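Hi,

Here is the structure for you to look over. My notes follow below.

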Amino acid sequence: MNKMRFKGRAKQAGFTLIELIVVIVILGIMAATALPKFMDLGADARLAKAQAGVAAVKTAMSMVNGANKVKGDTGSVEIEGVTYTLVNGYPAVTDIAALAGIAADYDDGTVVAGPPKTLDFAVDADHSTCKFTYTEATATLPATVSAAPTLANCE
């Protein structure tokens, strides 16, 4: 028997130019679709920062109020060697940022004389509407923190 050998093209060893172009086009379409989603993450980050600030201030308020009640309503409380002023059992507006550990992270507003006194915390100087407010306690009301801003306020 005679064995016939065909002399033909060798097996393909790579991708054709058309296949490579199709892959590049598909990747381009995917990137163009995903890019707008990733470009607007700044507002989400600012909102998350504001929400974290609200939580930190609420935690500091509760911690200090509890410590004050345990010590007998002294008008001040010492935490880690630092004495903080209290107003009706809650932190004064001048001390809340330090107690919450957010003093350097937020653009603190001016204390607005009350009664009650208030202090705004904006996430940065360029986004003054992305803020929350701490309101000092009065003789009849406890200290409060406003809700975190909406995403629209942080854009």
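Strand β5 (residues 118-122) is mostly covered, with four of its five residues buried (buried: under 20% relative accessible area, 1.4 Å probe, protein chains only; exposed: over 50%; partly exposed: in between). Helices (H or I, at least four residues) and strands (E, at least two) are DSSP runs, numbered from the N terminus.

This is a predicted model: local features need pLDDT of at least 70, side-chain atom pairs count only at pLDDT 80 or more, and totals for chains, interfaces and linings use all residues. Residues are numbered from 1 along each chain as its sequence is written, and side-chain values use heavy atoms, leaving out hydrogens and water.

β5 runs antiparallel to strand β4 (residues 107-108), joined by two bridges. Five bridges join β5 to strand β6 (residues 131-135), also antiparallel. Strands pair if DSSP finds at least two bridges between them. F121 in β5 stands opposite D108. Its bridge partner in β6 is F132.

Now the core. The largest nonpolar core has 30 residues (buried Ala, Val, Leu, Ile, Met, Phe, Trp, Tyr and Cys joined through side-chain atoms within 4.5 Å). F121 and F132 are among the residues with the most contacts inside it, as is I96. Helix α2 (41-71) supplies at least two residues. I96 touches V57, A60, M61, P91, L119, F121 and Y134, not counting residues up to four places away in sequence (contact: heavy atoms within 4.5 Å).

M30 is exposed, because its relative accessible area is 52%.

Best wishes
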